[in-house]
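Good morning, and thank you for joining this group meeting. Please look at the sequence and the structure together as I go through a few of the features.

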Amino acid sequence: MTELNSTPEMDMPEDSKITDPAAAVSADDAALDDWASALAEQNNNAPVSTSTAGVFQPLSKVEPTTTRNDIDMILDIPVQMTVELGRTKIAIRNLLQLAQGSVVELDGLAGEPMDVLVNGCLIAQGEVVVVNDKFGIRLTDIITPSERIRKLNR
C-alpha cells in the first residue's frame, strides 16, 4: 500500500532527485531540445531554434498577400433582417384580452421612418412601399458605422 502524502519526487531514488535549481533549468533546456528536434523531424529536418526570439516573425515582415481579404467567404452567411413599425409595453392582463380585431397602439407615428435591424442591430431607416401586392421598404437613411458603435455603447 502506498502513502497518500507521497509525491513523485519522494518516490524517486535519491540520486535522481533534482535539488539544484541550475540542474532544473538544464533539464528544461533538454526538454526544449527534445521538442526542437521533434519539430525539426516533422518539418523535414528543417533547423529549429530553441530560443523563442526566432520563433515569431515581426508583423512588419509578414507579407500582406498571405492574408486573405476575400469577402466572398461571408456572402452566404444568413442574417435576420427585421423592419420595425414601433414598440409598446403591455401588461400580461391586457395581452391575454387581445382578440381578432384588437388594436395595439405602438410608439411609432404614422409617416415616421421605420427601423431596419439586422440581427437586432439598427442599420437603416426607411418607408413602406407596395410592389406587386407585397410590402417592401425603401431605405431613406443608412446608419454610419460610428453611429452604430455609439448606440452599442449605450
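Let me begin with a definition: helices (H or I, at least four residues) and strands (E, at least two) are DSSP runs, numbered from the N terminus. The model before you is predicted, so local features need pLDDT of at least 70 and side-chain atom pairs count only at pLDDT 80 or more, whereas totals for chains, interfaces and linings use all residues. Residues are numbered from 1 along each chain as its sequence is written, and side-chain values use heavy atoms, with hydrogens and water left out.

I turn to one residue, Ala 124, which lies in strand E3. Is Ala 124 buried or exposed? Buried means under 20% relative accessible area, exposed over 50%, and partly exposed in between, with a 1.4 Å probe and protein chains only. Ala 124 has a relative accessible area of 0% and is therefore buried. Leaving aside residues up to four places away in sequence, Ala 124 touches Met 114, Asp 115, Val 116, Leu 139, Asp 141, Ile 142 and Ile 143; contact here means heavy atoms within 4.5 Å. From Ala 124 to Pro 113 the C-alpha distance is 9.5 Å, and 11 residues separate them in sequence.

Next, the hairpin. Two strands pair if DSSP finds at least two bridges between them. Strand E3, residues 121–131, and strand E4, residues 134–142, pair in the antiparallel sense over 8 bridges. In one of these, Gly 126 has Leu 139 in E4 as its partner. The hairpin has 2 residues between the strands, and Asn 132 takes a positive phi near 55°.

How many salt bridges does a search of the whole structure find? A salt bridge is a side-chain nitrogen of Lys or Arg within 4 Å of a carboxyl oxygen of Asp or Glu, and the search finds 2. One joins Arg 138 and Glu 127, whose closest N and O atoms are 3.0 Å apart. This pair links distant parts of the chain, with Arg 138 in strand E4 and Glu 127 in strand E3, 11 residues apart. Arg 138 counts as partly exposed because its relative accessibility is 46%, and Glu 127, at 38%, is partly exposed too. Another salt bridge brings together the side chains of Glu 84 and Arg 87, at 2.9 Å from N to O. Glu 84 has 19% relative accessibility, so Glu 84 counts as buried.
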